[in-house]
Amino acid sequence: MSIHASDPFATPDELKSPVRRLRGRLPAAVTLWTAAGDRGLTVSSLLVVDGDPGRVLGLIDDESDFWTAAEAAGRFAVSLLTAEDRQLADKFAGLMPAPGGLFATGEWDRTDFGPVPRGRSWAGCRLVGAEAKGWSLLVEGELERIELGEAGVALVHERGRYRG
């Protein structure tokens, strides 16, 4: 058995779309979007928009369990992940097994918006709308509650790897 320095199953760069390769070169904060019913998804394509009220915009998979739950509930939570949350991010991205379910490990606070990892900064959002954009769904939420936790080192994703 050999250990590879890179993912032997990854699509080679020359076969990836130029759009995907460009997006991969943009460092992006890693967040966790959750909704009632214990559904969640790792999201790194998002914007926080200042205003009255503030908004959050994110690109998500419209076939995800998260989207089904968030659309039904009309609300969701967005948690900022730290460098310590790499495995958590991978579990919610479907890249790592989650024995017992996604919320079986770690400490979670139950909120009206969805479960949030204890001690992390998070925002509770009311779903405003969603629109198909390319192969994703652009989801817009109005910020109704913001809880600022310990300011740790942000988990950042760039070129297929985490930094932070």
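Where does K91 sit in this chain? K91 belongs to helix 3, which covers residues 86–92; helices are DSSP runs of H or I with at least four residues, strands are E runs of at least two, and both are numbered from the N terminus. Welcome to a predicted model, in which local features need pLDDT of at least 70, side-chain atom pairs count only at pLDDT 80 or more, and totals for chains, interfaces and linings use all residues. Residues are numbered from 1 along each chain as its sequence is written, and side-chain values use heavy atoms, with hydrogens and water left out.

**A buried lysine**

- K91 is buried but has no salt bridge. Buried stands for under 20% relative accessible area, exposed for over 50%, and partly exposed for what lies in between (1.4 Å probe, protein chains only).
- The nearest side chain of opposite charge is D90, 9.9 Å away; here Lys and Arg count as positive, Asp and Glu as negative, while His and the chain ends are not counted.
- Leaving aside residues up to four places away in sequence, K91 touches M96, P97, A98, L102 and T105, where contact means heavy atoms within 4.5 Å.

**Salt bridges**

- Side chains of opposite charge can pair when their charged atoms come close. The rule used here asks for a side-chain nitrogen of Lys or Arg within 4 Å of a carboxyl oxygen of Asp or Glu, and it gives 13 salt bridges.
- One of them joins D38 and R110, at 2.4 Å from N to O. D38 is in the loop between strand 2 (31–35) and strand 3 (39–43), and R110 is in the loop between strand 7 (108–109) and strand 8 (116–117), so this pair ties together parts 72 residues apart in sequence.
- D38 is partly exposed, with a relative accessible area of 30%, whereas R110 counts as exposed at 57%.
- R120 and D85 also form a salt bridge, their closest N and O atoms being 2.8 Å apart. This pair links distant parts of the chain, 35 residues apart: R120 is in the loop between strand 8 and strand 9 (122–133), and D85 is in the loop between strand 6 (75–80) and helix 3. Both R120 and D85 are buried.
- K133 and E131 make a salt bridge too, with 3.1 Å between the closest N and O atoms.

**Strand 5 and its neighbours**

- Strand 5 (residues 55–60) has a covered face made of V56, G58 and I60, and an uncovered face made of R55, L57 and L59.
- Strand 4 (residues 46–49) runs antiparallel to strand 5, joined to it by 4 bridges; two strands pair if DSSP finds at least two bridges between them. A hairpin of 5 residues connects strand 4 to strand 5, and L47 has L57 as its bridge partner.
- Strand 5 also pairs with strand 10 (residues 136–147) in the antiparallel sense, over 6 bridges. There, R55 stands opposite E142.

**Nonpolar cores**

- A nonpolar core is a set of buried Ala, Val, Leu, Ile, Met, Phe, Trp, Tyr and Cys residues joined through side-chain atoms within 4.5 Å. The largest has 18 residues, and W33, I60, F66, F76 and V139 have the most contacts inside it.
- Helix 2 (65–73) is among the elements that supply at least two residues of this core, and helix 2 gives the most, with 4 residues.
- The contacts of F66 include W33, I60 and F76.
- A second, separate core of 10 residues includes L88, F92, F103 and Y162.
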